[in-house]
Amino acid sequence: MKQQSELLKSAKLILRDPLGLLGLVIVIALVGSAIFAPSLAPFNPTAIDMKARLSGPTASHWLGTDQLGRDTFSRMILGGRVALQVALPSIAAALGLGLLLGMVAGYGPRWLDNAIMLLFDTLRSFPTVMLALSFVALVGPSLGTVMLVVIVTSAPIYGRIARTQTMTLKSSEFITAEEAMGARMPRILLIHILPNILGTLVVLASMDIPAVIALEAGLSFLGMGVKPPTPSWGSLLKDGYALIRSTPWLIIAGALPIVMTTLGFTFLGEALRDVADPKLRRTR
Amino acid sequence: MLFYTIKRLGLAALIIVVAMTLLLVMVHMVPGDPARTMLGPRATPEMQEALRIRMGLDKPLITQIGLFFLNLLRGDLGMDVFENRPVATIVFEQLPYTLELIAAAIIWPVVLGTILGVYSASHRNSLIDRLTGVLSIAVVAAPAFVVSLFALLIFAVQLQWLPAIGAGDPDSFADRLRYLALPGFSIGLSWVGYIARMVRASMLEVLGEPHIRTARAFGLSEWRIHYGYALKLGILPIITMLGVGMGFLLSAAVFTEMVFARPGIGKLVIDSITSRNYPVVMGAVLVSTMLFVLSTAIADLANAALDPRVRKAL
C-alpha cells in the first residue's frame, strides 16, 4: 500500500513538471505511433507511384513524396517502428549485460574486478561509429549489426555504474548480515543488490534511447543500417541528401522525429531523475 | 607525477593491445573469410587462396596477432592489396583533414561556451543564463549529422553562402577555412551549450570556496575574481571533457565528412567498406582508436599535473 502511494506521488511530481509532462506526451505519441503505424500511415510506405514523384506537401501527401513517389509521411511513421525495434531490445540487453558484469565486478574477487574493468575500458576505447563501421565491414549492414554495436558500447557504461553502486552497498550492514547467514553471491546480487540499483540504471538507460535512435539513423543514412525499401528516419535523410537540390521535405521528415524523440526522452528522463533523487529535487 | 605518467601511459598501451586483439579475433571468428568477400563471387578458389596468403590470413591466429603487433611497432599497418600502397601512408594522408575538422569543430565552442558559462555563473537567472540553459538541451537534441544536413541545405544549397563539398585548395589557408566553416559549425554547435553549462556549474562551485571569499574580503574587483581566480579552476573540467569528447568528435566527423564530401578518416573508412578494402578499414579504425585512447590519457595527465588530488586516484 505504501509503495503504491509512493508511485502515485512520483507520477504527480512528473505531471507537475511542465517539461516532464511534455516529454511524457512525446514519448507516448512516439510509442503509440510505432505500435499503430500500419493503421496510422495513410499510404503503403513502400508503394511506388511514379506519377506523383517528388511532390511537395499536398492534401493527400502531407509531407510530399520521394523520388519513387512513395509517401514521405507514411515512411516517417513506419520509421519510428524501426527506430524503437532497434533501440528498446538493444538497450535492454546492454542494461542486463552491464548489470551482470558490473555487479560481479563490484562484489567478486579483486582479479575478476580488474579483468572486467579492463574489458570495459577497452570496449569504451573505440569511437562508437568507428566500431560500428568495423562491425559492418565484417558482418555486413543490418539492424542486428546496429544492435550488437549498441550492446557492446553501452554495456560498459551501465556496468561501471552498477559496479560502483554494488561496492557502496557491499559493506552495508544488511549485506553483512546476509553473508553471516551463509547467503551466496547469486542470492546476494539478485535479491539484495539488484533491486537497490535497478531504478537509477533504468532511468539512465532510458535517457540513452535517443542516442541509439540517432546511431541507427546515422548508420542508415550512410547506407550501413537498414536495407531498402525498409523505411527508417536515417534512410529518409539518405534520400533527402541525394535529392537536396530538388526537395527539402525528406530531410525535414527524417530530422524532425529524431529531434522530437531526443527532446521527449531527455525531458522525461530528467523529470524521472529528479523524482528518483530528492536531493536534486530541492536544489532545482 | 612520473610514476603516475608511466602508469597511465601503460594503461593506454594495454588498452590498445587488448582492443586490437579483440578486433583481430573477431575478424577470425566471422563466418566466411575476408579474401572471398574482397574478391567478390566471381573469384576462383586459387585467386582467393593467393590473396589469403598475401594478407597473411593462412597463418594461425596467434601468429597473425603476433605479426600484427610486431609490424605495428615498426609503423607498418599492412598493405592495401588493391592499390599496392602501405595502409599507413593512405591513413596518414587522410588524417590531417580529420584533425583539422575536429580542431575547427571544438575551438569555437570552447571559447564561446566558456564566455557564456562564466557570464551565466556571475549573472545567474539572467536572460543569457536561461537562454544557454534552454540552448544546451535543445541543440544537443540534434545529432551532428542532422545539423550538417540542415547546414548544407540552408547555407550551401539555398543561400549559397558557403561551398557545399570538398576541402578547398590545400595551399590557401583562407580557402581551407572557408570550406571548414560549415562542417566545423555543424559538429561544434551541440558543444556550445554543453560546455557553457559545465563551466557554469564548476565556476559556481569554485566561487563558493574560501580563497574566493578571502579575495572578496581583500576588496578585489568582481571582474578580477571571476576571470583572474575562479576561471583558472573552473576551466579544469573542460580538459577531461575534451579527452573523452575526442571519441564523439571522431564519430561526428565520419558523418560530417560524408555530408560535405570532405576527405578524411571517416570518408576513407566508408569508401573502403564500400569497396571491401579490409586492410584500410582496419588501419583507419586502429589509428582513430589510438587517437582516442591517447587523447583520454593526455587529458588525465594534464588534469593530474594541474590537480594533485587526481594523481593518487589511479
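## A tour of the two-chain model

The model is a predicted one, in which local features need pLDDT of at least 70 and side-chain atom pairs count only at pLDDT 80 or more, whereas totals for chains, interfaces and linings use all residues. Residues are numbered from 1 along each chain as its sequence is written, while chains are lettered from A and ligands numbered from 1 in the order in which they are written.

**Chain A as a whole**

Select chain A next and colour by confidence. The average pLDDT of chain A is 83, with 94% of the residues scoring at least 70. For the model, ipTM is 0.83 and pTM is 0.85. Chain A holds 12 helices and 0 strands; helices (H or I, at least four residues) and strands (E, at least two) are DSSP runs, numbered from the N terminus. Along the principal axes, the C-alpha atoms of chain A fill a box of roughly 75 × 50 × 30 Å.

**Annotated spans of chain A**

Now select residues 80-269 of chain A, which an unreviewed UniProt entry annotates as "domain: ABC transmembrane type-1". UniProt positions are given in the numbering used here, feature names are shortened, and annotations may be inferred rather than shown by experiment. This span is 84% helix and 0% strand, and its end C-alpha atoms are 19 Å apart.

The unreviewed entry also carries the annotation "transmembrane region", whose spans in chain A include 82-108 and 189-215. Residues 82-108 of chain A are 96% helix and 0% strand, with end C-alpha atoms 39 Å apart. For residues 189-215 of chain A the figures are 100% helix, 0% strand and 32 Å between the end C-alpha atoms.

**A helix crossing in chain A**

Display helix α9 (residues 185-221) and helix α10 (residues 233-242) of chain A together. Their axes come within 7 Å and cross at roughly 35 degrees; axes are lines fitted to C-alpha atoms, for helices over the stretch in contact, and angles run from 0 to 180 degrees between N-to-C directions. The crossing of α9(A) and α10(A) is right-handed, meaning that the near helix is turned clockwise from the far one by less than a right angle. Ala, Val, Leu, Ile, Met, Phe, Trp, Tyr, Cys and Pro count as nonpolar, Asp, Glu, Lys and Arg as charged, and the others, Gly among them, as polar.

**The interface between the chains**

Bring both chains into view. Their contact takes 36 residues from chain B and 31 residues from chain A. Helices that each supply at least two residues of the chain B side include α1 (2-29), α11 (236-259) and α13 (278-306). That side of chain B has 32 nonpolar residues, 4 polar and no charged.

**Chain B and its domains**

Finish with chain B, where the mean pLDDT is 83 and 96% of the residues reach 70 or more. Among its elements, helix α5 (residues 87-122) has the highest mean pLDDT (90) and helix α14 (residues 308-311) the lowest (64).

Select domain 1 (32-76) and domain 2 (88-313) of chain B separately; domain bounds come from an automatic or database domain assignment. Their C-alpha centres lie 38 Å apart. The contact between these domains takes 6 residues from domain 1 and 4 residues from domain 2. Helix α2 (residues 34-39) of chain B gives the most to the domain 1 side, with 3 residues.

Note on methods
Two residues are in contact if their C-beta atoms, placed from the backbone, lie within 7 Å. pLDDT is the predictor's confidence in each residue, from 0 to 100.
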